[in-house]
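Hello,

Here is the structure I said I would pass on. My notes on it follow below the entry.

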Amino acid sequence: MQYAILGDLHSNVSDTKAVLADIHANAENAAIIGLGDLYECKIGKKKAKDIFGLTLDEAAVLSDEFTQLLQFPSVRGNQEERIMKVTGLNTFLTLPESLEIEGAEIIHGHQFKWSTDWKPFLEQIEAPIVFFGHSHDAALYRKGEKKEFQYGQPIHLKKKKYGVNVGSVIENREWCLYDSDARTVTFMKAQ
């Protein structure tokens, strides 16, 4: 089965439309799955510690046009968690923290520890393949090291453990095509 995996949309309508159009053009039958940070929280991480009781409109960048684009399942990212914290609303609790698909785990990535140069520590993940986002930096990891890739070129994954940061929709228009039967990952970038 094919999966089109995208994350870090941050309420951006134009970039999200471009990526969804690219998915439909290149992987029409793929199941689309989100990695969280669908919405942008207007309150920064530090300020959010001391704020509570905001309305949803005060806390998040929202539009009907953007929300209508979200016709796919997703996990919850740190932006959704921060929005819930500052509003006191459970708006995004229906989004799970992680999902399992054929041979892989889907998680936002803010749950990992990260090095100072934004390398994730993936040792705690048991799945053979983990797809994540959070850092907005598309990368393929094997044994903690970044591996080279080219957009649009499938990468065959051996029966080993991999971390796949699909990059970000916002600003970069990146997504990833995962073929669970062929065990390939293809990093993609919309125009």
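**Salt bridges**

Asp 15 and Arg 173 meet through their side chains in a salt bridge, at 2.7 Å from N to O. Asp 15 lies in helix α1 and Arg 173 in the loop between β13 (162-165) and β14, so this pair ties together parts that are 158 residues apart in sequence. Please keep in mind that this is a predicted model. Asp 15 counts as buried because its relative accessibility is 9%, under the 20% limit. Arg 173, with a relative accessible area of 21%, is partly exposed.

The count of salt bridges comes to five. Another of them joins the side chains of Lys 17 and Glu 65, at 2.6 Å from N to O. Here Lys 17 lies in helix α1 and Glu 65 in helix α4, so the pair ties together parts that are 48 residues apart in sequence. Lys 17 is partly exposed, with a relative accessible area of 40%, and Glu 65 also counts as partly exposed, at 41% relative accessibility.

The side chains of Glu 81 and Arg 76 form a salt bridge too, with 3.3 Å from N to O. Glu 81 is partly exposed at 27% relative accessibility, whereas Arg 76 is buried, with a relative accessible area of 11%.

**Helix α1**

Helix α1 covers residues 13-26, which is 14 residues. From its first C-alpha to its last it reaches 20 Å, close to the 20 Å expected at 1.5 Å a residue. Its buried residues are Val 13, Asp 15, Thr 16, Ala 18, Val 19, Leu 20, Asp 22 and Ile 23. The cover over these buried residues includes β1 (2-6), β2 (31-34), α4 (64-69), β14 (174-179) and β15 (184-189).

Asn 26 also has its place in helix α1. At 44% relative accessibility, Asn 26 counts as partly exposed. Leaving out residues up to four places away in sequence, Asn 26 touches Trp 175 and Met 188. The C-alpha atoms of Asn 26 and Met 188 are separated by 9.3 Å, although the two residues are 162 residues apart along the chain.

In soluble globular proteins, nonpolar side chains tend to be buried together. The largest nonpolar core here has 32 residues, and those with the most contacts inside it are Leu 6, Leu 9, Ile 23, Phe 72 and Trp 175. Two or more residues of this core come from each of β1, α1, α4, α5 (78-87) and β14. The largest share, five residues, comes from α1.

What does Leu 9 touch, not counting residues up to four places away in sequence? The contacts of Leu 9 are Thr 16, Gly 36, Asp 37, Leu 38, Phe 66, Leu 70, Phe 72, Val 169 and Ile 170.

**Aromatic rings**

The count of aromatic pairs comes to 11. One of them is formed by Phe 112 and Trp 114, which is tilted, with 6.3 Å centre to centre and 40° between the planes. Phe 112 and Trp 114 are both buried. Phe 132 and Tyr 141 form a stacked pair, with 6.3 Å centre to centre and 25° between the planes. Phe 132 and Tyr 141 are likewise both buried. Ring pairs link Phe 112, Trp 114, Trp 118, Phe 132 and Tyr 141 into a cluster.

There is also a charge over a ring: the charged end of Arg 142 sits over the ring of Tyr 162, 5.8 Å from its centre.

**Backbone angles**

Trp 118, a member of the ring cluster, has a positive phi of about 65° although it is not a glycine. Trp 118 is found in the loop between β7 (113-114) and β8 (120-121), and is partly exposed, with a relative accessible area of 45%.

Arg 183 is not a glycine either, and has a positive phi of about 55°. Arg 183 is found in the loop between β14 and β15. Is Arg 183 buried or exposed? At 15% relative accessibility, Arg 183 counts as buried.

Regards

Key. Residues are numbered from 1 along each chain as its sequence is written. This is a predicted model: local features need pLDDT of at least 70, side-chain atom pairs count only at pLDDT 80 or more; totals for chains, interfaces and linings use all residues. Side-chain values use heavy atoms; hydrogens and water are left out. Helices (H or I, at least four residues) and strands (E, at least two) are DSSP runs, numbered from the N terminus. The expected span of a helix is 1.5 Å times one less than its number of residues. Buried means under 20% relative accessible area, exposed over 50%, partly exposed in between (1.4 Å probe, protein chains only). Contact means heavy atoms within 4.5 Å. A nonpolar core is a set of buried Ala, Val, Leu, Ile, Met, Phe, Trp, Tyr and Cys residues joined through side-chain atoms within 4.5 Å. Rings of Phe, Tyr and Trp (its six-membered ring) pair if their centres lie within 6.5 Å; planes under 30 degrees apart count as stacked, over 60 as edge-to-face and the rest as tilted. A charge sits over a ring if NZ of Lys or CZ of Arg is within 6 Å of the ring centre and within 35 degrees of the ring normal. A salt bridge is a side-chain nitrogen of Lys or Arg within 4 Å of a carboxyl oxygen of Asp or Glu.
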